[in-house]
Structures are given as structure tokens and as C-alpha cells.
Amino acid sequence: MFDRSDKGIMLKAIMVAAPILLCMGLLPLLSFYIEKLEENGRAEIVEYIAIAQAAMEVKFDAADLNGWQTGYAFDIIRKIEGSTRDDAIARSEFLRSADNFRRDIQTLRDMPLDAEQRSQLDSVQRDFNAFMELDRDIIALYRSGAPAARDKASRLVMGEEIQIFTHISQNTNALAVSITLDLMKKVAQSNSYGIVARWMMLVMWIVASAMAILLVRLLHKWLSQMRGLMQKLEALAGTDELTQLPNRRTWDIQIEMMLATAKRYGQPLAIALFDLDHFKQFNDTYGHPEGDRLLREVSILIKSRMRQSDLFARFGGEEFVLALMDCDLPQAVTRIESLRRNLPDNQSFSVGVTLWLEDERIHNTLARADKALYQAKNSGRDQVASLPPPAPGSAL
């Protein structure tokens, strides 16, 4: 009558339904029994439930604090600019979690605890104070901007700060377990089995609800951090790590969109290659860290003087490329002269600039800009050399 698959499904249905039917049959009996039993000790158990809830809040706060500290600590290790500002997402959430932790520790401190539990709570408070003091030192080091200070901040984040917070987590877990065990002992000592049953169910509901809330919060935070991490990784993939300018990959994508726009609206598009003069000599004289600093400062300065419609990217080493939308050759030379004024450390750029010829492949335009750049170098550097595109139809 039934094939083997049907019998397997029916057997599974019976196995799932049997416990449910059993519970439904026992519930009226259990309810009747609970109502008939004494209810002595209710107030004491309620008090211990409140203490257990407060201890769980402290434990959840520790998990919350650790999650957001991990978020902004990752940014510190990656040396992400602005990560330590109090209005940065991970940093502001960390400060909010720290305030919640202080508040809930004080709430728990005001409740009746035994000597051992109070000692554990004091240890958590001391570790938290040390953690926040170390955090202030780390933030101060990172905000100083000095590379050595930032490296030290990264080491403290990965070393002492993690050790202190591990101790905080262990003590908050131990305290929550101790208080929960006390709650269970109080329930077990009750003379009324009705109260035992009722409050054990309540404790189970509280623990299950608390764990569900914790799981939801942790999953939400994890997903948020993963989204943030993916966005950062995507940005890093298209950004030069040293200068934070678009890299060659981003240039290749964005320049094609600019070419399409220029063609659609019939606008001139100027392409320029920048080369930092005597950069190798600067590196040999002052060292690579100073060379890196110079590249960063020059990049920030040039970017601050650009229009939003312009595209400035690092091609590698001391060479940069610039695209100027809706800009003919004389205008481009004037704009570039204004961009390269008053560079840090009295450095200078040699620049070759040309115009993109409609339907021309961009690498041909870049080759012409490179030719103009060599003219600028051969003429003594620290100048802009322009090379107009060939007339349409002429040999390139």
C-alpha cells in the first residue's frame, strides 16, 4: 500500500509528533499540580533572577565591547585614516558599549552578592579601567600621526589590549556562571516543588531569550563587520595603499567612462603624466620613509586642488596620471601649473600633457603624453610640456 519512501516519511512524522503530543497531554496535569503546590520562596528567587539578568547583561556588554573594539582595532592595524575619530562607526559604537558596560557593572554592584562574586566583580572593574586607560594611550599614539607611534599602537592592540580583554571575558563568564549556579541552588532549596517548576521554566525562558538576543546581536554585528570589511577590501583593491589615490586598475575603469562622456558631449579631454623630479636622489639622500612621506603629502596636496570631475591616479613609483574633463590644451597647461605650485620640500613635477583624440585608444594618448613628459625633462625639468594630438586622418 505504501512504498518505502512513504513509510520513511510517516516514521519521521510519528517520531516528531510523539514528543509534542506527550508534552501537550502532560501540560494540563503539570499546570494543575503547580497550582496546588505552595509558593514559598518566590520573592527570594525573583531577587536572584534579577541578579542573574544583571550578570548576563554584563556578559553581553563584554561581548558587544569586544566586537566593536575588534572592528576599530582592525582599522588601526590596517592604518585606515579617520578610524580613531569618535564619530567613526566602529569607534563610536565601542564608546557606547563602554558606557553600557560601566552602567551595568554599577547596577550589579548595587545588588546583594557574596564575597567571592564581589571580588570577581572588582577584578572585572579593575581590568576594565586598565583596558580603557590603555585604549586612551593607543588612540593618542595613533592620532599623533607618527609612523613609529602608529606601529606601537598596532602592537598594543594585538598584544596587551587583547590580553586584558581576555581576562575581562573570563571573569565576566565566571561571574555569570557563579550567579546562575546560586540561582539554581536557591530554586533547588525551595520547599515548594510548584515554585521550583515555575521558576525553573522562567529561568529557562530567560536564558533562552537572552541567548537568542545575544545570537541576533552577534550575527547582526558580524554581518555588519563583514559588509564593512568587504567594502574596505573592495576600496583597497582599487586604491594605492601609500597615497590613497586611485591605482592603475581604477584608472583603467574610470577613464573609459570619462572617454565615453567626452565623446557624447563633444568635450575636450586632457591627459597628463606627472613625474616627480629627482625623486631617486631624494630617496637616496633622506631614505625611503621620507620618500614615502613626500609621495603622500604631494598626493594629498594635488588632490585638494582638483575639481570633482578630474581624475588623478598613481601609475607607480613617482609617476602619476591626470585626466581633465572639458579642458582644452591651453586650459590644461594653466590648470596643471596651478596644481603643481608650492609642493612640499621644494620638490617639483615635470609634466607632459596632450588631448585625447576622439575614438583614439587611451594608450596612444598616454604614449603622446609620455613623449611630452620627456620633452619637459630634457628641457630642464620643473615645467609643463604640451603636445597637441595629430590632425584627424594624419599618420600617428
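The largest nonpolar core of this predicted model has 28 residues; such a core is a set of buried Ala, Val, Leu, Ile, Met, Phe, Trp, Tyr and Cys residues joined through side-chain atoms within 4.5 Å. Here, buried stands for under 20% relative accessible area, exposed for over 50%, and partly exposed for values in between (1.4 Å probe, protein chains only). Phe274, Ile302, Phe312, Leu322, Ile336, Phe349 and Val353 have the most contacts inside this core. Two or more residues each come from strand E1 (269–276), helix H8 (279–286), helix H9 (288–304), strand E3 (319–325), helix H10 (329–339) and strand E4 (349–355). These elements are DSSP runs numbered from the N terminus, with helices (H or I) of at least four residues and strands (E) of at least two.

Leaving aside residues up to four places away in sequence, Ile302 touches Phe312, Leu339, Arg340, Leu343 and Phe349, where a contact means heavy atoms within 4.5 Å.

Turning to charged side chains, the count of salt bridges comes to 14, each being a side-chain nitrogen of Lys or Arg within 4 Å of a carboxyl oxygen of Asp or Glu. One of these joins Arg102 to Asp99, at 2.8 Å from N to O. Both residues belong to helix H3 (residues 89–109) and sit three residues apart, about one turn of the helix. Arg102 is partly exposed at 36% relative accessible area, and Asp99 is likewise partly exposed at 47%.

Helix H8 holds another pair, Lys280 and Asp284, four residues apart and thus separated by about one helical turn. Their side chains meet in a salt bridge of 3.1 Å, N to O, and both Lys280 and Asp284 are exposed. The salt bridge between Asp310 and Arg307 spans 2.8 Å, N to O. Here Asp310 is buried, with a relative accessible area of 8%, whereas Arg307 is partly exposed at 32%. Finally, salt bridges link Glu290, Arg293, Glu297 and Asp345 in a network.

Residues are numbered from 1 along each chain as its sequence is written, and side-chain values use heavy atoms, with hydrogens and water left out. Since the model is predicted, local features need pLDDT of at least 70 and side-chain atom pairs count only at pLDDT 80 or more, while totals for chains, interfaces and linings use all residues.
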